[in-house]
Each structure stands twice: as structure tokens, then as C-alpha cells.
Amino acid sequence: MGSQMGSAGLMLVNTLINVYLFVLMLRFLLQFSRADYYNPVSQAVIRATRPVVAPLQRIFRPRGRFDPASLVAGLLIKGITIFVLLKLAGIGMPPIQGVLVAALAGVLSAILDIYFFALIIMIILSWVAPQASHPGAILVHQLVEPIMAPVRKVIPPLGMIDLSPIVVFIAISLFDSLIVGALARAAGLPGILVGF
């Protein structure tokens with residue numbers, strides 16, 4: 001019973017850290033996509049991540065659309081979490097390179113999950129509220145547009161049918177299984193610590 005409670009506690013901590021990592025990577029992607037900074041959802045994300053990102057921005061200054069501080073913060077938080085959880089689980093000292101590779105896989109997995117969920121939300125909104133003016137709806141469109149626009153140039157909408165989300169879903173799935181999966185296997189650590 002005690003080991004099950006401990007295992008459940010570790011899983012809960014890992015889930016909470018992964019949720020915060022998700023928010024950190026959302027901040028990274030919002031800046032990358034040049035989403036509206038003054039959108040209330042953007043402001044909430046910035047406020048939630050400021051305590052971790054602001055100190056790192058003194059070292060890793062934003063460069064245009066690229067905010068390395070958010071990325072470094074995500075890698076650090078994921079790496080420290082993996083290290084601490086493995087120590088608490090009694091596995092011992094994990095190899096540093098394995099933790100770094102697992103942290104990279106976790107960050108990439110969070111980014112892919114954000115795009116995946118944003119695409120699903122965008123598709124649902126296009127059916128039920130195509131002209132939605134809610135700040136969240138606007139932000140979703142701003143977030144996915146940088147990955148959708150290149151695909152739409154190659155595969156333009158066919159009347160009212162837009163096939164570009166299908167192509168992006170396939171690309172996300174391939175990237176997740178090939179790149180993130182390979183990194184997670186190369187880390188040699190339990191898979192639950194890597195993925196979201």
C-alpha cells in the first residue's frame with residue numbers, strides 16, 4: 001500500500017511539472033508565432049511563467065521570434081524533475097546524458113502536444129464558431145497559423161474543405177514517433193518520465 005501511495009505521489013508530481021512545462025512551451029510558441037502579447041490568455045501565460053523565465057532572460061535574451069530563456073527553463077525544469085523523481089523512486093544516480101536527452105524529448109513532446117491540441121481546438125471552432133472573437137479562439141488561430149500557412153501553400157483548400165490540418169497531424173505524429181521516440185529510447189530512462 002505504501003509503495004503504491006509513493007508511486008501515485010511521484011506520478012502526481014510528474015504530472016504537475018509536465019503541466020507547467022506545457023505552459024512554458026506555450027509561452028515559447030506564442031512568441032515564436034508572434035501571437036498577440038496583450039491577449040488576456042497570453043498575459044496569463046506570461047504571468048505564470050515569469051518567475052522562472054525572467055531570471056534566465058538576463059542571460060538568454062530574446063532574439064526576435066525566438067525566446068531561448070523559455071526553452072532553457074523548460075529543459076532545466078524537466079531535467080531536474082527527472083533527476084529528482086528517479087532519486088526519490090530509489091533508482092539511484094541516473095546518467096547525466098540520459099537525463100539531458102530525456103529532458104529534450106520531454107520538451108519536444110510538450111511542443112508537439114500543444115500543436116496537436118491547438119489544431120483540434122481550431123478544427124472544432126471552425127465547425128461551431130468560425131467567426132469566434134473570444135481571446136482564446138484568436139490565440140489558437142495565431143498559434144497554429146505559422147505551421148499551417150506553409151502547408152496551405154502546397155495544398156490549398158478545396159472549396160470548403162481544408163486538408164492542411166490532416167497533413168499537419170500526420171507530420172506531428174511522424175515527428176513524435178520518429179524523433180521524440182528515438183530520443184526517449186536513447187535516454188534509457190522510464191518512458192513515463194519523458195512524455196507528457
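This is a predicted model: local features need pLDDT of at least 70, side-chain atom pairs count only at pLDDT 80 or more; totals for chains, interfaces and linings use all residues.
Where is Gln57 found? Gln57 lies in helix α2. Leaving aside residues up to four places away in sequence, Gln57 touches Arg27, Pro62, Asp67 and Ala69. With Asp67 there is a polar contact, side chain to side chain, at 3.5 Å.

Next, the packing of helix α2 itself. Helix α2 covers residues 40-57 and packs with helix α5, residues 135-154. The angle is about 75°, and the axes are 8 Å apart. That angle makes α2 roughly perpendicular to α5. On the α2 side, the residues in contact are Pro40, Val41 and Ser42; on the α5 side they are Pro135, Gly136 and Leu139. By class, this contact has four nonpolar residues, two polar and no charged.

Now the second pair. Helix α3, residues 68-88, packs with helix α4, residues 96-128, at an angle of about 125°. Here the axes are 8 Å apart. So α3 is oblique to α4. Which hand does the crossing of α3 and α4 have? The crossing is right-handed.

From α3, the residues that meet α4 are Leu71, Gly74, Leu75, Lys78, Gly79 and Ile82. Their partners in α4 are Val99, Ala102, Ala103, Leu104, Gly106, Val107 and Ile111. The contact of α3 with α4 divides into nine nonpolar residues, three polar and one charged.

Note on methods:
Residues are numbered from 1 along each chain as its sequence is written. Side-chain values use heavy atoms; hydrogens and water are left out. Axes are lines fitted to C-alpha atoms, for helices over the stretch in contact, and angles run from 0 to 180 degrees between N-to-C directions. Helices (H or I, at least four residues) and strands (E, at least two) are DSSP runs, numbered from the N terminus. Angles under 35 degrees count as roughly parallel, over 145 as roughly antiparallel, 65 to 115 as roughly perpendicular and the rest as oblique. A crossing is left-handed if the near helix is turned anticlockwise from the far one by less than a right angle, and right-handed if clockwise. Contact means heavy atoms within 4.5 Å. Ala, Val, Leu, Ile, Met, Phe, Trp, Tyr, Cys and Pro count as nonpolar, Asp, Glu, Lys and Arg as charged, and the others, Gly among them, as polar. A polar contact is a pair of N or O atoms within 3.5 Å; within protein, one must be able to donate a hydrogen and the other to accept it, and residues adjacent in sequence count only if both atoms are side-chain atoms.
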